[in-house]
Amino acid sequence: MEALIGIDKKHKTEISDALNIVLADQHILYIKLRNYHWNIEGNSFLELHEFLEKLYVSLEKDIDATAERIRKIGKNPMGSAAEFLEFTNLKETKKPYHDSHKILSTLLEDYEVIIKWIRDHVELAGDSKDYGTEDFMVGLIRNYEEAAWMLRAYLTK
Ligand SMILES: [Fe+2]
């Protein structure tokens, strides 16, 4: 059934396409966080192992909220690994690596890519009076800016 919430059809398509790319990035980042949580090594092992868990637990909530946001505007979230890989802005880690500095810098870059990408698309929602999605996207920016801040703090010598 059509969602009659005062948002035009063209916008629903455009904004759900944008949110689906966010969803793809979130999934790839989630997999990377799990990978690094398992493989990270070094003298701060336990702290970083737990920090990465905290990040992926928080991201898991965002993944669900992003997919459900797409449903709330009457569109369909992607749901296959092949689609996530095709549409993501991020690069997967092929070989496992263990160096904590490399892991944290890779994650910082990924969060920064996602933050910038969402920031560049928030206007799309605001311009079409899709304030629910605009507010949701701003919330994601806030979450990922916090993660980026924590990663940056670890990397500052
Ligand atoms: Fe674990």
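**Stop 1: helix α5**

Select Thr133, Phe136, Met137, Leu140, Tyr144, Ala147 and Leu151: these residues of α5 are buried. Buried means that 20 or more other C-beta atoms lie within 10 Å of the residue's own; exposed means 12 or fewer, partly exposed is in between, and C-beta atoms are placed from the backbone. This is a predicted model, where local features need pLDDT of at least 70, side-chain atom pairs count only at pLDDT 80 or more, and totals for chains, interfaces and linings use all residues. Residues are numbered from 1 along each chain as its sequence is written.

Why look for a repeating pattern? An α-helix has 3.6 residues a turn, so residues three or four places apart point the same way.

Now show the neighbours. The cover over the buried residues of α5 includes α1, α2 and α4 (100-127). Contact here means that the C-beta atoms of two residues, placed from the backbone, lie within 7 Å. Next, check the length. α5 has 25 residues and reaches 36 Å from its first C-alpha to its last, close to the 36 Å expected at 1.5 Å a residue. The expected span is 1.5 Å times one less than the number of residues.

**Stop 2: the whole chain**

Zoom out. How many helices and strands does the protein chain have? The count is five helices and zero strands. Helices (H or I, at least four residues) and strands (E, at least two) are DSSP runs, numbered from the N terminus. Read from the N terminus, the order is α-α-α-α-α.

The C-alpha atoms fill a box of roughly 55 × 30 × 20 Å along the principal axes. A compact globule of 157 residues would have a radius of gyration near 15 Å; this chain has 17 Å, which agrees. That radius is taken over C-alpha atoms, and the globule rule is 2.2 Å times the number of residues to the power 0.38. Of the 157 residues, 29% count as buried. Among contacts with a separation of 6 or more, 78% join residues 24 or more positions apart.

**Stop 3: helix α2**

Select residues 45-72. This is α2, with 28 residues. They should span 40 Å at 1.5 Å a residue, and the end C-alpha atoms are 41 Å apart, which agrees. Colour the buried residues: Leu52, Leu55, Leu59, Asp62, Thr66, Ala67, Arg69 and Ile70. They pack against α1 (9-39) and α5 (131-155).

Pick threonine 66 in this helix. Threonine 66 is buried because 21 other C-beta atoms lie within 10 Å. Beyond residues up to four places away in sequence, threonine 66 touches Leu19, Val22, Leu23 and Gln26. Draw a distance to valine 22: the two C-alpha atoms are 7.7 Å apart, though 44 residues separate them along the chain.

**Stop 4**

Select glycine 74. Glycine 74 follows α2 and has a positive phi, near 85°. Then select methionine 1, in the segment before α1. Is methionine 1 buried or exposed? Methionine 1 counts as exposed, because it has 4 C-beta neighbours inside 10 Å.

**Stop 5: α1 against α4**

Show α1 and α4 together. Their axes are 11 Å apart and meet at an angle of about 170°. That makes α1 roughly antiparallel to α4. Axes are lines fitted to C-alpha atoms, for helices over the stretch in contact, and angles run from 0 to 180 degrees between N-to-C directions. Angles under 35 degrees count as roughly parallel, over 145 as roughly antiparallel, 65 to 115 as roughly perpendicular and the rest as oblique.

Pick tyrosine 36 in α1. Tyrosine 36 is buried, with 25 C-beta neighbours inside 10 Å. Setting aside neighbours within four places in sequence, tyrosine 36 contacts Leu52, Ile103 and Leu107.

Move to isoleucine 15, also found in α1. Isoleucine 15 is buried too, with 23 C-beta neighbours inside 10 Å. Leaving out neighbours within four places, its contacts are Ile73, Leu124, Ala125, Asp130 and Thr133.

**Stop 6: the loop between α4 and α5**

Finish at lysine 129, in the loop between α4 and α5. Lysine 129 is exposed, with 12 other C-beta atoms within 10 Å. Check its phi: the angle is positive, about 60°, although lysine 129 is not a glycine. Most residues other than glycine have a negative phi.
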